[in-house]
Amino acid sequence: MPALRIEGYVIVSADGMLADATHVMPDALKFEGDKAFFTEALDRADLVVHGRHSYEDQPNSPLRKRIIVTRTVAGIGPDPSNPKAALWNPAGVSFEAACDHAGVSAGTVAVIGGPVVFDMFLDRYDTFWLSQAPHVRLAGGEAVFSGVPVQTPQEILARHGLKAGQSQMLDAANGVSVTPWRRSA
Ligand SMILES: NC(=O)c1ccc[n+]([C@@H]2O[C@H](COP(=O)([O-])OP(=O)(O)OC[C@H]3O[C@@H](n4cnc5c(N)ncnc54)[C@H](OP(=O)(O)O)[C@@H]3O)[C@@H](O)[C@H]2O)c1
């Protein structure tokens, strides 16, 4: 079994969008139940990976080791604004080397977006936790994966070898649930 477990986390609208047409995650996609689920998951993670605009901004965020995906460095380097973070360009350095640089050789890696970063790990997720808000639509918004809306997020996860597990309700009033998409052995 690989030493690093890679888990993805996102909440999307009914049409597979993670942000609106202005590249902002609107309040319409924010639900207390989903926020609590996401916060607990990140508190358990050993490393968080994301793009420049996908910082989770939670009370425990400053405590977390993180890797920021960017083309502003050739390979890997310190983040001048955060001593617990590194800047990583996948074109120059492997993910394993970036994790080594971050001091993480085992445990859980939480991948939290945005779309470019979610796409990069499609063949590597052990589990992708897909939360969905079925009553929210964000026409013209920013899709979770580059293949949406030609395919649904679920079709894309299945195409990359993941299978849906048991969904869990996070907000019954708004029908928001999370489904773990797990890689079969
Ligand atoms: N609903 C949700 O659960 C959820 C989850 C995540 C994000 N969001 C929202 O979605 C929006 C995300 O914004 P965003 O699209 O700007 O995503 P982002 O992932 O924050 O930003 C794109 C990142 O990818 C990097 N990048 C792009 N192409 C690259 C390449 N070829 N090689 C290396 N790095 C590359 C960019 O680096 P450089 O430009 O520095 O090179 C940048 O850091 C935000 O509003 C956020 O709040 C929502």
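**Ground rules.** I number residues from 1 along each chain as its sequence is written. Because the model is predicted, local features need pLDDT of at least 70 and side-chain atom pairs count only at pLDDT 80 or more, while totals for chains, interfaces and linings use all residues, and side-chain values use heavy atoms, without hydrogens and water.

**The whole chain.** I looked up the secondary structure and found 4 helices and 12 strands. Both are DSSP runs numbered from the N terminus: helices are H or I with at least four residues, strands are E with at least two. The radius of gyration is 16 Å, close to the 16 Å from the globule rule for 185 residues, so the chain is as compact as a globular protein of that length. That radius is taken over C-alpha atoms, and the rule is 2.2 Å times the number of residues to the power 0.38. I also noted that the C-alpha atoms fill a box of roughly 40 × 35 × 30 Å along the principal axes.

**Around the ligand.** Which residues come nearest to the ligand? I found His23, Arg52, Thr70, Gly114 and Glu142, out of 23 residues around it; to count, a residue needs a heavy atom within 4 Å. By class, this shell has 12 nonpolar, 8 polar and 3 charged residues. Here Ala, Val, Leu, Ile, Met, Phe, Trp, Tyr, Cys and Pro are nonpolar, Asp, Glu, Lys and Arg are charged, and the others, Gly among them, are polar. Helix 3 gives the largest share of the shell, 3 residues.

**Polar atoms.** A polar side-chain atom of Glu142 is 2.2 Å from a ligand oxygen. A backbone N or O atom of His53 lies 2.7 Å from an oxygen atom of the ligand, and a polar backbone atom of Ile11 is 2.8 Å from a ligand nitrogen. Taken alone, the ligand exposes 940 Å², and the protein buries 82% of that (Shrake-Rupley areas, 1.4 Å probe).

Most residues other than glycine have a negative phi, and most peptide bonds are trans. His23 has a positive phi, near 65 degrees, and is in the loop between strand 2 and helix 1 (32-44). Gly113 and Gly114 are joined by a cis peptide bond with omega about -5 degrees; Gly114 lies in the loop between strand 7 (107-111) and helix 3. I found another cis bond between Val148 and Pro149, with omega about 15 degrees. Pro149 is in the loop between strand 9 (142-143) and helix 4 (153-159).

Technical notes: A polar contact is a pair of N or O atoms within 3.5 Å; within protein, one must be able to donate a hydrogen and the other to accept it, and residues adjacent in sequence count only if both atoms are side-chain atoms.
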